[in-house]
Amino acid sequence: MKGINIFVLGITFLLLCGCDDFLEEKSQDEVRPSTVTDMEKILEGEAYFNKTEGFMFNFGTDVLSDNIKCNAVDDDRNERKKQQAPRFRWERDMFDESCGYEDLSFWKVPYERIKGCNLVIEYAPKMNGDETKRNHLIGEAYALRGFYYMFLVNCFSLPYNYGDPTTNLGVPLKLASGVTEELFKRNSVAEVYQQIERDLLKGAELMEENKMNFYFTRLNAAASYALLVRMYVYMGDWDNVLKYADKVLDMKPDLLNLQEQQTSLWSSYSVYVNTCSTEILWGMLWDAENSYTTWGNRWPYSPSEELIAVFQRDLNEGNVDMRGDWQNTNNGYLKGGDVRDHHTGSYVSMCTWVDKGRASDPSYNGGIRVAEMYIDRAEAYCRKYLESGNRADAENALKDLNKLRRNRFYEGYMDKELVDFTDAQDLLDFCLRERRRELCGEANHRWFDLKRLGMPEIKHVFIDNATNEGIEYILYKEDRRYVLPIPRKVLERNTSLVQNQY
């Protein structure tokens with residue numbers, strides 16, 4: 001019991017230290033190992049994020065992207081509007097007090113969770129208990145650490161495929177829980193990606209060799225390999241995308257057919273519902289109270305007309321994409337209804353938010369799933385076709401895209417054929433539109449995709465509540481504001497960190 005108490009005290013000390021202290025450590029009590037059961041509690045409580053934090057890891061950057069627009073709102077919605085406005089306008093102090101709302105979470109939360117991962121990786125091997133379970137826990141910790149670093153580097157650094165990743169600044173790598181006097185500097189983008197790759201591979205291998213049956217909110221080997229596929233997409237390593245997407249789909253190939261799911265006024269039977277987890281590889285909790293959901297009065301930020309319109313492209317006449325049919329089915333990814341207009345007081349029918357399956361409490365509205373693997377593999381084949389002109393690559397891409405679309409459209413759907421496309425670029429553009437439809441509102445895909453796809457120009461119109469008039473803000477092509485600013489308070493506490501240049 002004494003050993004357990006020392007262990008808990010040490011863990012508590014570490015976890016009470018803020019993120020900035022984590023990157024500027026001075027002292028800590030010695031942490032002593034206990035049992036595998038104790039370590040599992042640490043993993044669940046300190047390495048895995050909670051449902052409040054889950055919104056950030058799924059939807060946190062969407063307000064920066066072209067998937068979101070701004071609306072005029074009543075006073076009871078205005079506080080949320082003001083909080084998100086600096087990000088919607090891509091302001092350079094969006095996380096600081098100077099913008100009105102200090103928020104360190106994008107930097108702080110991942111590093112706090114990495115701290116928990118490091119504790120499991122370091123101390124679990126020394127613990128008494130079931131060997132299979134112990135090794136699986138260590139694998140989960142490695143995979144989680146890779147996930148958090150992938151989030152951090154995609155938020156605070158240039159994309160891997162822009163400039164030289166060996167010299168572009170990434171984020172600090174902290175890979176041990178021990179005491180150090182070091183003020184951590186930023187590793188290069190390439191170094192961070194190398195660590196992500198090592199962590200995800202190690203985690204997947206450990207979990208594959210030590211299989212355990214957990215609920216889908218816990219990581220497993222297939223999910224870790226899937227995260228690896230996501231990382232290779234960001235890197236543009238298409239051979240490895242194909243290699244590991246094949247591996248994941250060999251493990252779990254099924255898709256959820258939205259046509260066959262029940263609907264009701266109060267619950268959605270969509271892709272992240274816990275009662276039909278057909279394609280969930282890892283389901284992430286999030287708190288609906290922190291989302292952009294709306295009941296009654298209009299919410300300040302909602303799906304953009306551009307996002308809504310993309311669901312209507314490339315459809316055969318008379319067919320409707322169930323994912324975007326927000327007026328008729330609860331299976332859709334886009335949700336809407338009658339919402340009160342701020343100025344007229346009348347109710348208008350509009351698309352209001354993105355929902356991938358919020359059926360009950362707790363809510364599962366994001367993560368990683370089988371559909372992403374089909375999309376990733378299709379893009380890899382499209383890019384190979386674009387480079388080589390090999391028709392077999394194009395046919396393989398269409399095979400994956402058609403399989404996905406058959407599970408997303410109303411009856412009467414017809415597969416796409418290669419003759420429907422003018423050239424390889426046309427096919428790739430179609431694949432990327434399908435990706436935007438399928439993955440909107442989860443895993444921060446849209447913002448991270450915009451970065452890797454050349455950082456195109458985006459225009460946002462911020463709507464004034466009083467006049468209903470808008471002010472246009474522009475994020476120019478390859479604008480350095482695609483790289484989020486490190487919060488000022490973090491820089492003050494660790495003078496070795498270098499701010500992103502704008």
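Contact here means heavy atoms within 4.5 Å. With that in hand, proline 159 is in contact with Lys451, Arg452 and Met455, leaving aside its neighbours within four places in sequence. Keep in mind that this is a predicted model, where local features need pLDDT of at least 70 and side-chain atom pairs count only at pLDDT 80 or more, while totals for chains, interfaces and linings use all residues. Residues are numbered from 1 along each chain as its sequence is written, and side-chain values use heavy atoms, with hydrogens and water left out.

**Proline 159**

- Look for proline 159 in the loop between α7 and α8 (189-209); helices are DSSP runs (H or I, at least four residues), numbered from the N terminus.
- Proline 159 has 7% relative accessibility, so it counts as buried (under 20% relative accessible area, with exposed over 50% and partly exposed in between, using a 1.4 Å probe and protein chains only).
- Tyrosine 482 sits 323 residues from proline 159 in sequence, yet their C-alpha atoms are 9.2 Å apart in space.

**How α3 and α7 pack**

- Two packed helices are described by the angle between their axes and the distance between the axes.
- For helix α3 (residues 36-47) and helix α7 (residues 131-156), the axes come within 10 Å and cross at roughly 20 degrees; axes are lines fitted to C-alpha atoms over the stretch in contact, with angles from 0 to 180 degrees between N-to-C directions.
- That makes α3 and α7 roughly parallel to each other (angles under 35 degrees; over 145 is roughly antiparallel, 65 to 115 roughly perpendicular and the rest oblique).
- On the α3 side, Val36, Met39, Glu40, Leu43 and Ala47 do the meeting; on the α7 side, the partners are Lys133, Arg134, Leu137, Glu140, Ala141, Leu144 and Tyr148.
- Sorted by class, this contact of α3 with α7 has eight nonpolar, no polar and four charged residues (Ala, Val, Leu, Ile, Met, Phe, Trp, Tyr, Cys and Pro are nonpolar, Asp, Glu, Lys and Arg charged, and the others, Gly among them, polar).

**Cysteines**

- Searching the whole structure turns up zero disulfides, meaning pairs of cysteine sulfur atoms within 2.5 Å.
- Cysteine 440 is in no disulfide, and the nearest cysteine sulfur, that of cysteine 351, is 8.9 Å away.
- Cysteine 440 is buried at a relative accessible area of 2%, and cysteine 155 is buried at 0%.

**Aspartate 376**

- Aspartate 376 belongs to helix α12 (residues 370-388) and, at 0% relative accessibility, counts as buried.
- Not counting residues up to four places away in sequence, aspartate 376 touches Val229, Arg230, Val233, Val241 and Arg435.

Note on methods. Helix = DSSP H or I, 4+ residues; strand = E, 2+ residues; numbered from the N terminus.
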